Amino acid sequence: NGVYLPADSVKFGVGIQIFLFDTPTNGSIIAFDIGAEITVLDGGFIFEMYGNAAIGNGNVVVAGIDFGKKSLIFATGYLGYNSIEKHFCATLSITFNTAPILCAGGEMGVDVKPGHWEIYVGKRATPIFVDMFCTKKPQFKGWFDINNDGLDAGLLIYINIDRKSTRLNSS
């Protein structure tokens, strides 16, 4: 909520929030809403960087007001490192909305800490998807998730054959 209260374990902290956009079109081509913070603690530090990118925005001018909701491509990312826990984490989520031709998206990430590591492009519960012609019924879903316990990968392809005609429909 933007309110910071003192904590004895925090020795120093600083953060920045930046909104960048192409000035000739007031952000209708590309806009970024980016933040970064570093906190120095007893025995280490925490660094976090996060942000959004929106491409093909139409009339986006102001950060925070429907940012990316009408963009052709919208991405959200996070990068963090905690030196005390020796934990590195990064995620990137992208959505393509080029309706009526293609709607697609998904998340990828890396998570590394002592005793655990993981790299993924989509997950079984939240696969990446491709929806040709933006039918709201993705034709392709998939995931590739590898970690120190093993590999989980899958590809789902949805095809609907209409017996009443010679047409092949996807759903």
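Predicted model: local features only at pLDDT ≥ 70, side-chain atom pairs only at ≥ 80, totals over all residues.
Me: What makes a contact in the protein chain count, and what share of those between residues at least 6 apart in sequence join residues at least 24 apart?
Reply: A contact means heavy atoms within 4.5 Å. Among those between residues at least 6 apart in sequence, 37% join residues at least 24 apart. Residues are numbered from 1 along each chain as its sequence is written, and side-chain values use heavy atoms, with hydrogens and water left out.

Me: Why is Cys103 with Cys134 called a disulfide?
Reply: The label needs a pair of cysteine sulfur atoms within 2.5 Å. Here the S to S distance is 2.2 Å, so Cys103 and Cys134 qualify. A search of the whole structure finds one disulfide.

Me: Which parts of the chain does the pair link?
Reply: Distant ones: Cys103 sits in strand β6 (residues 102-113) and Cys134 in the loop between β8 and β9, 31 residues apart.

Me: Why is the disulfide of Cys103 and Cys134 right-handed?
Reply: Because the torsion about its S-S bond is about 100 degrees.

Me: Are Cys103 and Cys134 buried or exposed?
Reply: Cys103 is buried, and Cys134 is too. Buried means under 20% relative accessible area, exposed over 50%, and partly exposed in between (1.4 Å probe, protein chains only). Across the 171 residues of the protein chain, 23% count as buried.

Me: What makes something a strand here, and how many does the protein chain have?
Reply: Strands are DSSP runs of E with at least two residues, helices are runs of H or I with at least four, and both are numbered from the N terminus. By that count the protein chain has zero helices and 12 strands.

Me: How do you know that β8 and β9 pair?
Reply: Two strands pair if DSSP finds at least two bridges between them. Three bridges join strand β8 (residues 128-132) to β9, so they pair, and they run antiparallel. Val130 has Phe140 in β9 as its bridge partner.

Me: What about strand β7 and strand β9?
Reply: Four bridges join β7 (residues 116-121) to β9 (residues 140-147), so that pair passes too, again antiparallel. Glu118 is bridged to Asn147 in β9.

Me: How many bridges do β9 and β10 have, and what joins them?
Reply: Strand β10 (residues 150-157) pairs with β9 over eight bridges in the antiparallel sense. A hairpin joins β9 to β10 through two residues. Phe140 has Ile157 in β10 as its bridge partner.
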